[in-house]
Amino acid sequence: MSDPLFQAKALCRDFKLNRTAISGARPVRHAVADLNLEIETGDRLGVVGESGSGKTTLAKLLLNLDKPTSGSLTFNGQLFSKINMAIFRREVQIIFQDPRSSLNPQMTVAQIILEPLVGLNFEQNHQQRIDQVLQQVELAPAIKSRYPHELSGGQRQRVAIARALAAQPSVLIADEPVSALDVLVREEILQLLSGLIKTLNLTLVLISHDLSVITRLCNTVVVMKQGRIVEAGNTQDVFANPQHQFTKDLISAVPRLPTLN
Amino acid sequence: MKFLEVENLTISFGNKVVVNSVSFDLAAGERLGVIGESGSGKTMIALAVIGLLPDTATATGSIRLAGEELLRLSDQQMSAYRGKQLAMVFQEPLTALNPLMRVGKQIAQPLLNHDKVSRKAGITRAIELCASVGLPDPEHIVRAYPHQLSGGQRQRIGLAIAIACSPKLLIVDEPTTALDVTVQKEVLQTINDLVEQQGSSLIFISHDLPVVSTMAEDIAVLRNGELVEHANITALFNNPQHEYSKKLVDLARATEKEFSDFTKSSTL
């Protein structure tokens with residue numbers, strides 16, 4: 001049997017907190033605690049949980065932007081510590097929550113999308129690829145000379161998606177990709193993402209506190225609480241038949257429309 | 001005469017008009033939801049009502065609270081109203097609270113100013129208020145600084161400050177966007193209970209239609225600074241008049257349906 005795409009074994013990430021007393025060891029926060037997870041190629045995995053439950057820390061670990069305190073993490077069977085980062089970055093890309101802070105304000109859209117192409121030695125003609133990827137995110141070519149502050153929130157997030165997809169990754173990690181957007185714009189971006197994931201055959205890890213986003217895009221889900229996975233499984237099964245009390249609370253807390261006659 | 005009457009309110013920054021001739025009114029005890037996307041002018045209207053517009057903004061038209069014209073009041077006169085007659089809960093509790101002051105003192109502040117209570121009585125009242133907004137261990141929490149509290153706890157402190165003097169009008173501006181769904185549910189419930197207890201009027205601002213519809217009977221839809229629709233919630237859902245409201249309602253309905261389908265037991 002082949003190795004899973006990502007495999008986390010007993011993964012821990014601790015943060016030392018500020019002292020609250022003069023003596024003794026510094027208190028520790030277990031942002032991710034003893035986490036076991038396998039992600040197969042083609043999975044569309046949703047990670048849900050409250051703020052502070054370790055969702056973003058997990059994403060950072062999967063992206064190799066942060067190192068675990070203990071435990072092991074492999075990509076295609078290879079330990080993260082032995083991975084060639086140039087290859088890894090070609091395969092795994094990220095979209096952040098707020099495009100206002102994740103796009104460089106001093107760069108034009110073309111420069112923003114060019115950066116990963118140059119940095120990752122993309123083989124094809126770079127300018128051609130920029131046009132191609134802008135078309136994929138449904139932006140007009142005229143946008144290339146614009147700066148992020150000239151764009152609307154939805155356009156900015158499209159640019160962020162274009163940048164992530166520029167070097168043709170196979171895995172996309174999205175950390176709350178629509179939670180900073182207005183409802184109608186959010187709907188457009190969700191549709192775009194859902195289409196791109198299908199046409200490009202992407203493996204997705206989607207972090208969100210919004211369950212309706214997860215049900216839209218993900219076929220499997222893990223529910224995190226205090227750094228641990230409390231429930232995992234097929235999205236439909238988990239949401240239709242939640243086992244853990246925390247999952248039940250999450251589902252019942254989703255605001256519902258009033259019943260009208 | 002309604003309790004709050006807003007007439008042809010126009011707010012502009014230089015030549016840029018951010019709120020264009022908006023009119024609505026609110027009877028005592030009524031609840032109005034204001035919905036719109038970012039930049040639609042929701043917060044500006046709230047700030048105009050409470051008299052906290054930035055100095056660079058000009059507001060014209062009329063805002064009358066129990067017959068008194070608020071736009072004509074000086075800052076000093078307005079302070080007598082603010083906190084006492086009307087109060088606001090802000091969107092981002094971390095920036096709305098003073099980081100250098102214990103939260104108990106911040107809650108007691110409006111009581112000290114308006115009701116001239118003693119410092120000691122103020123803190124005692126602050127502890128009661130903390131309990132009434134559902135904060136655990138109120139005796140200790142009043143001694144905390146904002147950074148020591150969680151997002152939900154900070155938002156509850158903001159709420160406690162706002163209701164300290166039992167205002168007749170409470171304005172809450174996106175009180176739960178920074179919060180998790182589980183915490184959001186509790187905070188909304190708390191606001192609901194408090195408004196009911198005190199019989200205050202409520203203006204609830206949000207971009208989230210499902211949230212607004214649980215909190216208000218009437219909904220005002222704002223778009224690019226204009227009030228495009230103002231209707232009872234049943235009317236808005238059954239027969240939205242403006243194209244933008246229709247889009248919002250349709251999307252909320254579709255999301256709701258999809259989610260219910262998903263959570264329906266698959267074993268059935």
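Modeller: Axes are lines fitted to C-alpha atoms, for helices over the stretch in contact, and angles run from 0 to 180 degrees between N-to-C directions. Helices are DSSP runs (H or I, at least four residues), numbered from the N terminus. This is a predicted model, in which local features need pLDDT of at least 70, side-chain atom pairs count only at pLDDT 80 or more, and totals for chains, interfaces and linings use all residues. Residues are numbered from 1 along each chain as its sequence is written, and chains are lettered from A in the order in which they are written.

Biologist: At what angle do helix H6 and helix H7 of chain A cross?

Modeller: The axes of H6(A) (residues 153-165) and H7(A) (residues 183-199) cross at roughly 25° and come within 10 Å. Angles under 35 degrees count as roughly parallel, so H6(A) is roughly parallel to H7(A).

Biologist: Which residues of H6(A) and H7(A) meet?

Modeller: Two residues are in contact if their C-beta atoms, placed from the backbone, lie within 7 Å. Here Gly153(A), Gly154(A) and Gln157(A) of H6(A) meet Val185(A), Glu188(A) and Ile189(A) of H7(A).

Biologist: How many residues of chain B are in contact with chain A?

Modeller: On chain B, 32 residues are in contact with 25 residues of chain A. H11(B) provides the largest share of this side of chain B, 11 residues. For classes, Ala, Val, Leu, Ile, Met, Phe, Trp, Tyr, Cys and Pro count as nonpolar, Asp, Glu, Lys and Arg as charged, and the others, Gly among them, as polar. The side of chain B that touches chain A has 10 nonpolar, 14 polar and eight charged residues.

How values were computed
Helices (H or I, at least four residues) and strands (E, at least two) are DSSP runs, numbered from the N terminus. Angles under 35 degrees count as roughly parallel, over 145 as roughly antiparallel, 65 to 115 as roughly perpendicular and the rest as oblique.
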